[in-house]
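Please look over the chain shown below, and keep it in view while you read the briefing that follows.

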Amino acid sequence: MQADQADPAARECALELEAHPYRIQQIRRIVSAQLRYWRLDPLIDAASTGISELLANVHRHARPDKQCAVKLSVENGRLTVAVADHDTRLPHMQPVEPTATTGRGLAMVEAMSDSWGTDLLPGDGGKVVWFVLRTPVPVPTLVPLRTATVPVERTAPERVAVAASVA
């Protein structure tokens, strides 16, 4: 995975692979490590689930081959996860029977992401399926206020003369 750390506000990683089931778990670990490095730990579960579904779709449906590219990018408070393959057929959600064991991948991606979509690559180069997750708002670090220490002079209280009269 290659990372561009020149601009901390805009970060990007890319990886090329062949989508096989044994590689999906490996890619999940790589994505998790990269998100931890970027301090985006709260997004690990959603990003890992989404990337698994998109890679499983490449494995099951892509033609003529299973070659694909995974790209993570963070910009303007959003993490975009994209998977590109060589197949020009766009995925679409279909109604799924309650007892079906497959066919829920895109519905899961839609449910857990802020947005998702597909783009055709130029020149019959294939397609990109992507989803977006909002990055967590950084919690400000509370710094205790330092109080000025002013030395206080401790002196004996003034003695007041009291006149006593005895009658």
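A residue is called buried when its relative accessible area is under 20%, exposed when it is over 50%, and partly exposed in between. By that definition Asp114, with a relative accessible area of 38%, is partly exposed.

**Confidence of the prediction**

- The chain averages a pLDDT of 84, and 78% of the residues score at least 70.
- Among the elements of the chain, strand β6 (residues 127–134) has the highest mean pLDDT, at 97, whereas strand β1 (residues 2–7) has the lowest, at 48.
- Over residues 1–5 the pLDDT stays under 50, and for this stretch the model has 19 contacts beyond four places in sequence.

**Overall layout**

- The chain has 3 helices and 6 strands, which follow one another along the sequence in the pattern β-β-α-α-β-β-α-β-β.
- Of the 167 residues in the chain, 32% are buried, while the chain exposes about 11800 Å², with carbon and sulfur atoms supplying 54% of that area.
- Among the contacts with a separation of 6 or more, 59% are between residues 24 or more positions apart.

**The nonpolar core**

- The largest nonpolar core has 32 residues, and those with the most contacts inside it are Leu35, Trp38, Leu55, Leu79 and Val83.
- Two or more residues of this core come from each of β2, α1, α2, β3, β4, α3 and β6, and α2 gives the most, with 8 residues.
- Leu79, leaving aside its neighbours within four places in sequence, is in contact with several residues, including Leu35, Trp38, Leu72 and Phe131.
- Trp38 is placed in the loop between α1 and α2, and because its relative accessible area is 4%, Trp38 counts as buried.
- The C-alpha atoms of Trp38 and Arg11 are separated by 8.4 Å, although the two residues are 27 residues apart along the chain.

**Two further buried residues**

- Leu15 belongs to strand β2 (residues 10–18) and is buried, with a relative accessible area of 16%; its C-alpha atom is separated by 6.5 Å from that of Lys71, which is 56 residues apart from Leu15 along the chain.
- Ser48 lies in helix α2 (residues 44–61) and is buried, since its relative accessible area is 3%.
- The side chain of Ser48 makes a polar contact of 3.3 Å with the side chain of Ser32, and, not counting residues up to four places away in sequence, Ser48 touches Arg28 and Ser32.

**Charged pairs**

- Side chains of opposite charge can pair when their charged atoms come close.
- The structure holds 4 salt bridges, and one of them joins the side chains of Lys71 and Glu12 at 3.5 Å, N to O.
- This pair links distant parts of the chain, with Lys71 in strand β3 and Glu12 in strand β2, 59 residues apart; Lys71 is partly exposed at 38%, and Glu12 is partly exposed at 38%.
- The side chains of Asp85 and Lys127 also meet in a salt bridge, at 2.9 Å, N to O; Asp85 lies in strand β4 and Lys127 in strand β6, so the pair ties together parts that are 42 residues apart in sequence.
- Both Asp85 and Lys127 are buried.
- The side chains of Arg134 and Asp114 meet in a salt bridge at 3.0 Å, N to O, with Arg134 in strand β6 and Asp114 in the loop between α3 and β5, 20 residues apart.
- Arg134 counts as exposed because its relative accessibility is 52%, whereas Asp114 is partly exposed.

Conventions. Residues are numbered from 1 along each chain as its sequence is written. This is a predicted model: local features need pLDDT of at least 70, side-chain atom pairs count only at pLDDT 80 or more; totals for chains, interfaces and linings use all residues. Side-chain values use heavy atoms; hydrogens and water are left out. Helices (H or I, at least four residues) and strands (E, at least two) are DSSP runs, numbered from the N terminus. Buried means under 20% relative accessible area, exposed over 50%, partly exposed in between (1.4 Å probe, protein chains only). Contact means heavy atoms within 4.5 Å. Accessible areas come from the Shrake-Rupley method with a 1.4 Å probe; for residues, only the protein chains shown count as cover. pLDDT is the predictor's confidence in each residue, from 0 to 100. A polar contact is a pair of N or O atoms within 3.5 Å; within protein, one must be able to donate a hydrogen and the other to accept it, and residues adjacent in sequence count only if both atoms are side-chain atoms. A nonpolar core is a set of buried Ala, Val, Leu, Ile, Met, Phe, Trp, Tyr and Cys residues joined through side-chain atoms within 4.5 Å.
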